[in-house]
Amino acid sequence: MAFAEVALGQIRSLRQAAIPRNYEIWYVYATGYNSAFNKVINETLARNGKLTESDLEQIYENYLSPIRTTERIDKLGGRVITEIDDVMQLITDALGMTAGFGDSLKGAAEKLGIAHDRDQVKAVITALIKSTSEIQEANKALENRLELSKIEINNLQHSLEAIRTESMTDPLTGLGNRKYFDRAVADAVTLALNEAGSLSLLMFDIDHFKSFNDNYGHLTGDQVLRLVAMSLKQTIKGQDITARYGGEEFAVVLPNTRIHQAVTVADHIRRAVMAKELKKKSTGEILGRVTISVGVSMLRRGDTTDSLIERADTCLYAAKRNGRNRVVCEADSECSFCADIQVQVA
């Protein structure tokens, strides 16, 4: 709701049309998800004092339009198809030349069988040498073209992978985005249930994040989000999954981890975040320290992805209700719904 209010406020103050495109632009701006997106808007406003219809259209097309990614994928797909068509034509031509060379060999054998003198034999051999040379050149050309095609297709594959990674990455923090998290946690839950393995989930939220935005502006809010993301990257390693869940909320999936181990990991993250001092880049002013509240749940038999997330969320809000800057798991007394749960030690 806070992001929605900011979006509507910007539309009103800049006297823009209250249409879905403009709302989406200002809503994304308010969340701070995309630092490059916010930078373009800020620079345009600083330069012109407003955003024209043309500015809004260009910003939307460059940063938000789902058609943009689709077009990039379509263009790469078209290049792949063209490359395959060219290679298939080369192979067809090579097969034709191979068939012709086979006919030449057969004809040469017949001519040698009826040759009566040295000149006739020499003529047959000369023709064979010529045909052999031609097929060798054709094969060499095909080999070179196939090598180039292999390089091109590898490049296209890397480009497609880059687009896929980009679509799964939060541009501000460099962590996985919500789309990435939804897929990753679903896969991890399925695997853990199928293999009767353990799995824990951390959901955490930046304490008093709105006040950072209100008091110091969105650029400082972005800095807070990046600080938390950096702490996560430094703490979480290996098979564990990290993502920006939305706004100021983050998630960590811990495969093969029981709840008491997950609580330890959560507290390491909490301490790592709190250990960093926040400094305003423009002035060097020390703004204090950032803290987070963390909720921890562990996968149970019969769980779904939604139920696992719901319990971690409930623990997170229990941590915030009980003073913030703390870790609460579903075995703690602060979680009213799980007072009867016993933590199983592996």
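What follows is a short chat about a predicted model.

Q: What do I need to know about the model before we start, and how are residues numbered?
A: It is a predicted model, in which local features need pLDDT of at least 70 and side-chain atom pairs count only at pLDDT 80 or more, while totals for chains, interfaces and linings use all residues. Residues are numbered from 1 along each chain as its sequence is written, and side-chain values use heavy atoms, with hydrogens and water left out.

Q: Is Cys329 buried or exposed?
A: Buried, because its relative accessible area is 5%. Buried means under 20% relative accessible area, exposed over 50% and partly exposed in between (1.4 Å probe, protein chains only). Cys315 is also counted as buried, at 0%.

Q: And Arg326, where is that?
A: In the loop between α11 (305-321) and β7. Helices (H or I, at least four residues) and strands (E, at least two) are DSSP runs, numbered from the N terminus. Arg326 is partly exposed, at 32% relative accessibility.

Q: Switching to α7, which of its residues are buried?
A: Phe181, Ala184, Val185, Ala188, Val189 and Ala192.

Q: What do they pack against?
A: The buried residues of α7 pack against β1, β2 (241-246), β3 and α11. The face turned away from the buried side carries the exposed residues Asp187 and Asn194.

Q: What follows α7?
A: Ala196, with a positive phi near 55°.

Q: How many residues are in the largest nonpolar core?
A: The count is 31, and Leu202, Phe204, Ile206, Ile269, Val290 and Val296 have the most contacts inside it. A nonpolar core is a set of buried Ala, Val, Leu, Ile, Met, Phe, Trp, Tyr and Cys residues joined through side-chain atoms within 4.5 Å.

Q: Which element gives the largest share?
A: Helix α9, with six residues.

Q: What does Val296 touch, leaving aside neighbours within four places in sequence?
A: Its contacts (heavy atoms within 4.5 Å) include Leu201, Leu202, Ile259, Cys315 and Cys329.
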